Amino acid sequence: MAWQLRGRTLSLDKPLIMGVVNVTPDSFSDGGLYYSVENAVRHARTLAKEGADIIDIGGESTRPQGATPVHALDEVNRVVPVIALVAEELPDVVISVDTVKSDVAREAIKAGAHIVNDVSGFRLDALMAAVCVESGAGVILMHSRGDVTDMATYARAEYAGDAVGEILAELRACVDAALAAGVARECLAVDPGIGFSKRSEHSLRMLGCLHEMTQWELPIVVGVSRKRFIGDLTGRSVANERVFGSIGAAVSAYDRGARVFRVHDVAATREALDVAAAIHAAGRDNADSSTSRGMSPC
């Protein structure tokens, strides 16, 4: 499987790492650290050196506590200078813009972004699909409910007996709407929205059933890095102390079909997923070889 982007094609033969650059003062994990253009670009350089295939640049926080909407012009002023400089300095790195606003997406694409990562799944801006169709940008549609002020809270995390079924149905509706609006199927990727409008048990159940999304034959993106459910499991209340749990969740998601991983800790996740991918490939190669020799695979 390959993922078609604006001017690029990404192979999914290996795990792809999407390094996070939050150009915000209030993100849940690293708010304020990369708020200046200089610091954000420096961080992007570091992430690329550590093995990031994609740099995801966002200017509006959806943190669980007190996320505040950002005016489109302010968001543009935050992310576009960073995108332009990263595109100039790191021409081989794919750039994603994390936004729910079509005006921001349009300006980010002009500055050099290849992917639009919309955590609302195109729900919050009716013009987003047209921007992506016109530019040929890659698209990530994520499952969530509500708007940026409450989508990462528990305010809308109420499900009937089959939470996984509800989540998949709602995300599938976003996919169908995007396709109907003209977004090319080969440009689409899907994200189950771990931690968004989901309690810890919902996030765990969704990760455990991730293989169900592989039937859609679309690239699966997961963002488990430093999330609250990991803190609940490990007792780590500070987000940046959840590295080991985040890696465990990423490897498990890879085993269930995820191929793109949005992470804060690039170097550690890169090594872990490269090892997991090598083991996966060795098992596949052995199975193919055993079958050709008439033997039982391991």
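The following questions and answers concern a predicted model of one protein chain.

Visitor: How many helices and strands does the protein chain have?
Guide: Helices (H or I, at least four residues) and strands (E, at least two) are taken as DSSP runs and numbered from the N terminus. On that basis the secondary structure of the protein chain comes to nine helices and ten strands.

Visitor: Why is the protein chain described as being as compact as a globular protein of its length?
Guide: The radius of gyration is taken over C-alpha atoms, and the globule rule is 2.2 Å times the number of residues to the power 0.38. For 298 residues that rule gives 19 Å, and the chain is described as compact because its own value is close to this, at 18 Å.

Visitor: What share of the residues in the protein chain is buried?
Guide: A residue is buried under 20% relative accessible area, exposed over 50% and partly exposed in between, with a 1.4 Å probe and protein chains only. Of the 298 residues in the protein chain, the buried share is 55%.

Visitor: What share of the contacts with a separation of 6 or more joins residues 24 or more positions apart?
Guide: A contact means heavy atoms within 4.5 Å. Among the contacts in the protein chain with a separation of 6 or more, residues 24 or more positions apart account for 68%.

Visitor: How far apart are the centres of the positive and negative side chains?
Guide: Lys and Arg count as positive and Asp and Glu as negative, while His and the chain ends are not counted; each charge is placed at NZ of Lys, CZ of Arg, CG of Asp or CD of Glu. The protein chain has 30 positive and 39 negative side chains, and the centres of these two sets are separated by 2 Å.

Visitor: Which residues form an aromatic pair, and how is the pair classed?
Guide: Rings of Phe, Tyr and Trp (its six-membered ring) pair if their centres lie within 6.5 Å, and planes under 30 degrees apart count as stacked, over 60 as edge-to-face and the rest as tilted. By this rule the count comes to one aromatic pair. Tyrosine 254 and phenylalanine 261 form this pair, with 6.5 Å centre to centre and 45 degrees between the planes, and the class is tilted.

Visitor: Where does phenylalanine 122 lie?
Guide: Phenylalanine 122 is not a glycine, although its phi is positive at about 75 degrees. With 12% relative accessibility, phenylalanine 122 counts as buried. Its place is the loop between strand 6 (115-118) and helix 4 (128-135).

Visitor: What is the phi of arginine 226?
Guide: Arginine 226 sits in the loop between strand 9 (221-222) and helix 7 (228-234), and at 10% relative accessibility it counts as buried. Its phi is positive in a residue other than glycine, near 60 degrees.

Visitor: Which elements do the buried residues of helix 3 pack against?
Guide: Helix 3 covers residues 102-111, and its buried residues are Ser102, Val104, Ala105, Ala108, Ile109 and Ala111. These buried residues pack against helix 2 (72-89), strand 5 (94-98), strand 6 and helix 4.

Visitor: Which residues is threonine 62 in contact with, leaving aside its neighbours within four places in sequence?
Guide: Threonine 62 lies in the loop between strand 4 (54-58) and helix 2, and its relative accessibility of 17% means that it counts as buried. With those neighbours left aside, its contacts are Ala67, Val119, Val148, Met151, Ala152 and Phe196.

Visitor: How far is histidine 202 from glutamate 75, C-alpha to C-alpha?
Guide: Histidine 202 is in helix 6 and counts as buried at 9% relative accessibility. Histidine 202 and glutamate 75 are 127 residues apart in sequence, and their distance in space is 31 Å.

Methods:
Residues are numbered from 1 along each chain as its sequence is written. This is a predicted model: local features need pLDDT of at least 70, side-chain atom pairs count only at pLDDT 80 or more; totals for chains, interfaces and linings use all residues. Side-chain values use heavy atoms; hydrogens and water are left out.
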